[in-house]
Amino acid sequence: SILLEIPISVNTNITSSTSEIWLQNLSIFPNPARDYFRINTGDRIASIDVLDILGKRIKKFKASQGKYYDISDLNSGMYYIRLKDEKEDVLKVLKLNKS
């Protein structure tokens, strides 16, 4: 018989930070989007930047819960959505496909 040793790594660092869980749950919908997108956000996001694939900001929105963000004037393609807090610190960057 052949004995194989298979290394298994187990992550024992269980995150209990509610802020990290909150960040993981942020998402854009619909995605792909046609004319607008929304973010399932709490009140921590103050502003939203739309960046092209080179990282250049092409739109900026003031964030608010339940708001629709108009992207009807953008060409089809891939964009990055940068979510920032009131101190202008980046919380998360998400990808958005515009159809």
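Modeller: D85 is located in the loop that runs between β6 (77-84) and β7 (90-98). Strands here are DSSP runs of E with at least two residues, helices are runs of H or I with at least four, and both are numbered from the N terminus. The model is predicted, so local features need pLDDT of at least 70 and side-chain atom pairs count only at pLDDT 80 or more, while totals for chains, interfaces and linings use all residues. Residues are numbered from 1 along each chain as its sequence is written, and side-chain values use heavy atoms, with hydrogens and water left out.

D85 is buried but has no salt bridge. Buried means under 20% relative accessible area, exposed means over 50%, and partly exposed is in between, with a 1.4 Å probe and protein chains only. A salt bridge requires a side-chain nitrogen of Lys or Arg within 4 Å of a carboxyl oxygen of Asp or Glu. The nearest side chain of opposite charge to D85 is K87, at 5.9 Å; Lys and Arg count as positive, Asp and Glu as negative, and His and the chain ends are not counted.

What D85 does have is a side chain that reaches the backbone nitrogen of D89 at 2.9 Å. That is a polar contact, a pair of N or O atoms within 3.5 Å; within protein, one must be able to donate a hydrogen and the other to accept it, and residues adjacent in sequence count only if both atoms are side-chain atoms. Leaving aside residues up to four places away in sequence, D85 touches R44, A46 and L91, where contact means heavy atoms within 4.5 Å.

Another loop residue is I45, between β2 and β3. I45 counts as buried, at 6% relative accessibility. The C-alpha atoms of I45 and A63 are 6.2 Å apart, and the two residues are 18 apart in sequence.

For the chain as a whole, the protein has one helix and seven strands, in the order α-β-β-β-β-β-β-β along the sequence. Of its 99 residues, 29% count as buried. Among contacts with a separation of 6 or more, 50% come from residues 24 or more positions apart.

Next, the rings. Rings of Phe, Tyr and Trp (its six-membered ring) pair if their centres lie within 6.5 Å; planes under 30 degrees apart count as stacked, over 60 as edge-to-face and the rest as tilted. By this rule there are four aromatic pairs. In one of them, F37 and Y69 have ring centres 5.3 Å apart and planes at 35°, so the pair is tilted. F37 lies in strand β2 (residues 36-39) and Y69 in strand β5 (residues 69-70), so the pair ties together parts that are 32 residues apart in sequence. F37 is buried at a relative accessible area of 0%, and Y69 is buried at 1%. Y69 also pairs with F61: the centres are 5.2 Å apart and the planes at 55°, so this pair is tilted. F61 is buried too, and F37, F61 and Y69 form one aromatic cluster. Elsewhere, R38 lies over the face of Y68, 4.6 Å from the ring centre; for this, NZ of Lys or CZ of Arg must be within 6 Å of the ring centre and within 35 degrees of the ring normal.

Last, the charged pairs. The salt-bridge count is seven. D49 and R82 form one, at 2.8 Å from N to O, and this pair links distant parts of the chain, with D49 in strand β3 (residues 47-51) and R82 in strand β6, 33 residues apart. D49 is buried at 0% relative accessible area, whereas R82 is partly exposed at 21%. K59 and D73 form another salt bridge, with the closest N and O atoms 3.2 Å apart. K59 lies in strand β4 (residues 57-62) and D73 in the loop between β5 and β6, so the pair ties together parts that are 14 residues apart in sequence. K59 is buried at 17%, and D73 is exposed at 54%. E88 and K84 form a salt bridge as well, with the closest N and O atoms 2.7 Å apart. E88 is partly exposed at 42%, and K84 is buried at 6%. Salt bridges that share partners join D49, R57, K60, R82, K84 and E88 into one network.
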